[in-house]
Amino acid sequence: MGELVKTIAKALVDNPDEVFVTEIEGRQSLIVELKVAPEDMGKVIGKQGRIAKAIRTVAKAAATKENKRVVVEIIQ
């Protein structure tokens, strides 16, 4: 799941080397923390959060196949 989020984020930002993903796994859920450069934050979030919502939707769809719940957090 982390690799999927990382691949999507790297395609969106100007500094792909500064994209970091951390996975925190629980029994039924998975938290994916996405960290990007401060100047790329707007590109990952998008207008009114549309891109962030799309990333979360894709991750949730992929997690459904594994019967898991995924939460994508974009952190600074």
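A salt bridge here is a side-chain nitrogen of Lys or Arg within 4 Å of a carboxyl oxygen of Asp or Glu. By that cut-off, the structure holds 2 of them. Keep in mind that this is a predicted model, where local features need pLDDT of at least 70, side-chain atom pairs count only at pLDDT 80 or more, and totals for chains, interfaces and linings use all residues. Residues are numbered from 1 along each chain as its sequence is written, and side-chain values use heavy atoms, with hydrogens and water left out.

**Asp14 and Lys43**
- Asp14 pairs up with Lys43 in a salt bridge, with the closest N and O atoms 2.2 Å apart.
- This one links distant parts of the chain: Asp14 is in the loop between helix 1 (2-12) and strand 1 (20-25), while Lys43 sits 29 residues away in helix 2 (residues 41-45). Helices (H or I, at least four residues) and strands (E, at least two) are DSSP runs, numbered from the N terminus.
- Asp14 is exposed at 54% relative accessibility, and Lys43 is partly exposed at 32%. Exposed means over 50% relative accessible area, buried under 20%, and partly exposed in between (1.4 Å probe, protein chains only).

**Lys68 and Glu25**
- The side chains of Lys68 and Glu25 form a salt bridge at 2.4 Å, N to O.
- Lys68 lies in the loop between helix 3 and strand 3 (69-75) and Glu25 in strand 1, so the pair ties together parts 43 residues apart in sequence.
- Lys68 is partly exposed at 25% relative accessible area, whereas Glu25 counts as exposed at 56%.

**Lys60**
- Lys60 belongs to helix 3 (residues 50-65) and is partly exposed, at 47% relative accessible area.
- From Lys60 to Ala11 it's 49 residues in sequence and 19 Å in space, C-alpha to C-alpha.
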